[in-house]
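Reader: Hi, I am new to this structure and would like to go through it slowly with you. Could you put it up first?

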Amino acid sequence: MHDIVAGFINLDAITILYLFGVGFVGGLVSGFIGSGGAFVLTPGMMSLGVPGLMAVASNMCHKFPKALVGALKRFKYGQVDVKLGLILGVSAEAGVLYGAGIQEKIKATYGDAGSNLYVSVAFVLILATVGGFVLYDAWKTYKSGNANSEEKAGKLAKWVQSINIPGTMVHFKALNARVSILFTIPLGFATGMMAATIAVGGFVGVPSMIYVLGAPSLMASATELVIAFVMGLGGSLKYAMHGMVDIRLAMIILAGSLFGIQLGAIGTTYVKPFMIKVVMGLIMVIVLFSRGLMVPVYLSQLGLIVTLGDTSVKLLKNASFAIMIFALMLGAFIVLRAMWQGKQAEKRAYASGALEHGEV
Amino acid sequence: MAANSIKKKPVGAMIVMGIVSIALYATLLLKQDLINETFAKGGMYALLPIITAFVFSYFHGGFTGHFWTVLGVEAARKKKEVK
């Protein structure tokens with residue numbers, strides 16, 4: 001274990017503040033859309049000199065307590081379907097193990113650059129498809145003027161809900177319908193695979209709950225926190241058994257992210273449901289560009305294209321990281337802005353109500 | 001309405017949770033060498049970071065929750081009308 005112990009970085013005040021700050025913003029976004037932040041935290045820790053696996057492990061060890069606090073908070077608002085979260089969470093755990101296995105095989109065969117290329121290409125393809133669709137759907141809702149209407153299950157979700165496979169049907173509160181677990185298992189599995197590959201399972205978990213199962217956005221994003229808790233707990237235990245968790249990093253990030261997740265969860269009570277899709281879709285699409293910038297770097301390292309100079313590599317890496325930070329900050333800004341507007345609208349509504357009743 | 005506006009803020013609970021939370025973080029940072037060495041042993045020692053995460057999330061989670069309430073940042077009082 002000496003090599004692992006040697007991976008513990010020295011913590012100074014600036015590092016602590018940096019981790020606290022990124023944790024806060026990541027927590028704010030997670031509290032709102034159910035996931036996010038991990039894609040910045042892991043490379044963020046690595047930029048401080050933390051070895052890759054330790055960064056992944058420490059990130060995971062802050063994720064599950066954060067998700068627990070967020071899930072409890074949103075449960076109070078009636079937004080969590082615990083049963084759906086647990087069922088998806090268990091199959092997601094299997095997906096995490098499978099996804100991690102694939103990663104190890106790719107790494108053993110093609111080395112670090114091959115593994116990084118696989119992650120980046122997965123990022124770009126999935127985020128382009130799912131993120132683009134989520135954003136398009138949010139835009140359609142906004143343009144249709146039905147932003148205040150109750151969300152209805154789409155065609156695919158209606159079909160899924162109509163299939164009756166005896167012995168596998170479970171009633172879910174979030175869907176207000178019975179769905180076969182033969183549909184939920186692959187969705188959970190895919191969520192877990194995403195978590196193991198790109199560190200953010202929610203980018204698949206939340207859209208699949210909305211579009212495939214027919215859950216309202218608020219319920220889907222809140223239930224994702226239960227899935228994140230189950231996955232994070234299992235993953236943390238696995239990494240901790242190999243002594244890879246730097247508990248100091250995990251708890252410092254947690255310190256910031258618990259402030260953030262409470263705020264993000266409160267924010268969901270002020271916004272129109274389609275705002276969940278706006279924030280999630282925007283972050284996904286922006287992050288996709290960030291990862292896309294890194295594809296030439298890995299292709300060059302693998303010798304598949306002309307070798308890039310050190311300056312170009314550094315430039316692309318910095319630009320990629322800056323775009324990721326921007327994605328997270330933009331998400332946080334939209335959440336805070338929407339919350340502020342919601343709070344002001346509520347104040348106005350109460351003030352006019354009080355005036356009408358002669359209380360002022 | 002009146003009951004809403006004069007709802008008691010959980011200042012006491014926030015202070016208690018905050019003090020415990022600060023004590024936990026101070027211990028973590030002051031004893032970091034011993035903690036790193038012990039937690040990195042792996043095997044059954046894996047339970048230590050997990051338990052730590054639960055304990056920190058309970059106290060610090062309680063503190064942050066009360067913190068926003070005391071500042072007046074709370075959930076919308078009424079669910080949005082769904083037409």
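Reader: Which residues form the nonpolar patch on the surface?
Author: The nonpolar patch on the surface is formed by A:Leu237, A:Met241, B:Met44, B:Leu47, B:Ile51 and B:Val55, which together have about 550 Å² of accessible area. Patch residues have over 30% relative accessible area and no salt bridge, and nonpolar side chains are joined within 5 Å; the areas come from the Shrake-Rupley method with a 1.4 Å probe. This is a predicted model, in which local features need pLDDT of at least 70 and side-chain atom pairs count only at pLDDT 80 or more, while totals for chains, interfaces and linings use all residues. Residues are numbered from 1 along each chain, chains are lettered from A in the order in which they are written, and side-chain values use heavy atoms, without hydrogens and water.

Reader: Which element gives the largest share of it?
Author: That is H4(B), with three residues, whereas B:Met44 sits in the loop between helix H3 (32-39) and H4 of chain B. Helices here are DSSP runs of at least four residues (H or I), numbered from the N terminus.

Reader: And the interface, how much area is buried between chain A and chain B?
Author: About 3,500 Å², of which 71% comes from carbon and sulfur atoms; buried area is the accessible area (1.4 Å probe) lost on putting two parts together, summed over both. On the side of chain A, A:Ile247, A:Phe259 and A:Tyr350 supply 18% of what that chain buries against chain B, more than any other three residues.

Conventions:
Patches are made of residues with over 30% relative accessible area and no salt bridge: like charges are joined within 9 Å, nonpolar side chains (Val, Leu, Ile, Met, Phe, Trp, Tyr) within 5 Å. A salt bridge is a side-chain nitrogen of Lys or Arg within 4 Å of a carboxyl oxygen of Asp or Glu. Helices (H or I, at least four residues) and strands (E, at least two) are DSSP runs, numbered from the N terminus.
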